Amino acid sequence: MSHLHKIRVGHAYDGRVWGDGARVLVDRLWPRGLSKARADLDEWCKTVAPSVELRTWYGHDPELFEQFRERYRTELDEPERIEALRHLQALAKRRNLTLLTAATRLETSHAIVLVDLAAQTEQTLRNIEAAL
């Protein structure tokens, strides 16, 4: 079984740095004032972004982050989103992956939930592999 390369979260406005690997924007909306050339993206994966309703409810309020995380993970169970998550995991099996967002606070962004989800999924797969 191939394991995931490093997955990290970055600001969409930051330029490419060594070790970024695939740069994938995971926001539903294009970051304000950012040109496509400056973004230097490999992909834009809108499908994994939180719904407009959830994003509006959350408003990036750190006090609501745990509730947001649970609601967002429920949204990620939708078939179309599961397929998009599989695609991101496939990218991470080939090289490093940087999930980009325009959120000001990365630590309470939806992108960090995606990284946590990938890490949990990978650990589950390793546990199964070890039990075989």
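This is a predicted model: local features need pLDDT of at least 70, side-chain atom pairs count only at pLDDT 80 or more; totals for chains, interfaces and linings use all residues.
Is Y72 buried or exposed, and what is its relative accessible area? Y72 is buried, at a relative accessible area of 0%, where buried stands for under 20% relative accessible area, exposed for over 50% and partly exposed for what lies in between, with a 1.4 Å probe and protein chains only.

Residues are numbered from 1 along each chain as its sequence is written, and side-chain values use heavy atoms, with hydrogens and water left out.

Now to the rings. Rings of Phe, Tyr and Trp (for Trp, its six-membered ring) pair if their centres lie within 6.5 Å, and planes under 30 degrees apart count as stacked, over 60 as edge-to-face and the rest as tilted. By this rule there are 5 aromatic pairs. One of them joins Y58 and F65, which are tilted, with 6.3 Å from centre to centre and 45° between the planes; Y58 is buried at 3%, and F65 is buried at 6%. F68 and Y72 have centres 5.5 Å apart and planes at 15°, so this pair is stacked, and F68 is buried as well, at 2% relative accessibility. Y58, F65, F68 and Y72 together form one aromatic cluster.

Lastly, the charges, where the NZ of Lys or CZ of Arg has to be within 6 Å of the ring centre and within 35 degrees of the ring normal. The charged end of K46 sits over the ring of W44, 4.3 Å from its centre, and R71 lies over the face of W57, at 3.9 Å from the ring centre.
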